[in-house]
Amino acid sequence: MNKTHRIFAGAIALTLTTAACGSDDASETADEAVTEVTEVSEAADDAMTETSDAMTETSDAMTETSDAMTETSDAMTETSDAMTETSASGGEATDLSSLSGDITISGSSTVEPISVRVQELFNEQAPDVNITVDGPGTGDGFQLFCEGSTDISDASRAIKEEEAQACADAGIEFTELQVGIDGIAVMTSSANDAVDCVSFEQIYGLVGPESTGFGDWSDANPLVEELGGDASLPDAPLEIFGPGEESGTFDSFIEIVLEGIAEERGQEAITRPDYNPSADDNVILQGIQGSDTSFGWVGFAFAENASDVKLLQVDGGDGCVEANAETIASNEYPVSRPLFIYVNDATAQENPQLAAFVDFYMQDGLDTATSEVGYVALADDAKDEVRSTWDAAL
């Protein structure tokens, strides 16, 4: 009970006491006092109500201010997170147009298209950086790299022990970064019901260096049997369509499928010369589509959605495996392999244009360029692992 209410209660008590005593004058005086006290009490209550309302408004205003401060803090946090993500994603906020200098890349002709595409995308933002890319082969590329002649070595296989030792002897430390997976589709016409799967031995028998002159699929059976394979290829005309020697897919196909058997037999790792080569995948597909018992190969990304062709399963020694993005990414499909770039660590630390280029490669290369040129991109967790490897190297 507040002070005003205590006065009011006292006045009422006095009135009752006076009335009990029978004094009319006193009673009238008490009534007047009660009236005055009531008026005072009501005024006090009004004042308290106004004060309470003012305090409520002040509290609401403070709450609104607090909410606004919280929103501002959240916005600042989001901005900070965005800046962190930008930094982690390869420096998208960096003005690449200020960069200049040279970058030299050599090595695998298979990886070359990826690096060329990354170079094109990078030069759109950094036009003053001069980047040269060529593809003499993985082995030749490592020789140049370990001599210190190149900044990045493209490779369609992991570096060999002796190659790594050559780099170590020259004082060159490097970082290995996987940039994609190479998958090659082995195909025939959709009209060919006689074949669903081919083994490495059968492919060698059809298109290898010892197959020159074979005009029917069955012509390869004696050679396939000699290799220990299944000599059950059909008696049907054989027309072969595939990439030419200028193609990275040509090199990959030879390295993965033909090279091992050719070396065991003392043969040059090469295809038979009497087939229909083309640098244009569309021409290859047209040839396969136009012959009911054709045989050919192109990059999986190009063949995946092609009409009137049948992608054959391939047995690399562990049974027949269908070609798809999942089996290629997991390396279950035998005509697949990881693709790499190797970066000279010291050169990257000394040359901002090279570090920025590899940063860019780790983003646009992995996310865009690899699939644009027909290879299988890494899974997201694999990309994260590769990016972490590069971050740790800087």
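Which residue is the bridge partner of Thr-104 in S2? Thr-132 is. Before going on, a word about what you're looking at. This is a predicted model, where local features need pLDDT of at least 70, side-chain atom pairs count only at pLDDT 80 or more, and totals for chains, interfaces and linings use all residues. Residues are numbered from 1 along each chain as its sequence is written, and side-chain values use heavy atoms, with hydrogens and water left out.

Back to the strands. Strand S1 covers residues 101-107 and strand S2 covers residues 129-133. Both names come from DSSP runs numbered from the N terminus: helices are H or I runs of at least four residues, strands are E runs of at least two. S1 and S2 run in the parallel sense and share 5 bridges; two strands count as paired if DSSP finds at least two bridges between them. To get from S1 to S2, the chain passes through helix H3 (residues 112-125), and this β-α-β crossover is right-handed. That word means that, with the strands pointing away from you, the path from the first strand over the helix to the second runs clockwise.

S1 has another partner to look at. Strand S3 (residues 152-155) pairs with S1, again in the parallel sense, over 3 bridges. Here you can pick out Ser-106, whose bridge partner in S3 is Ser-153.

Now for the cysteines. If a disulfide is a pair of cysteine sulfur atoms within 2.5 Å, the count comes to 2 disulfides. Counting bonded cysteines along the chain, they follow the pattern 1-2, 3-4.

Take Cys-146 and Cys-167, with their sulfur atoms 1.9 Å apart. The torsion about their S-S bond is -75°, and the link is left-handed. Cys-146 sits in helix H4 (residues 138-146) and Cys-167 in helix H5 (residues 161-169), so the bond ties together parts 21 residues apart in sequence. Both Cys-146 and Cys-167 are buried, a label for under 20% relative accessible area; exposed is over 50% and partly exposed is in between, using a 1.4 Å probe and protein chains only.

The other disulfide joins Cys-197 to Cys-320, S to S 2.0 Å. What does it tie together? Cys-197 lies in strand S5 (residues 197-199) and Cys-320 in strand S11 (residues 320-321), so this pair links parts that are 123 residues apart in sequence. Its S-S torsion is about -100°, so this disulfide is left-handed. As for the surface, Cys-197 is partly exposed at 22% relative accessible area, and Cys-320 is partly exposed too, at 42%.
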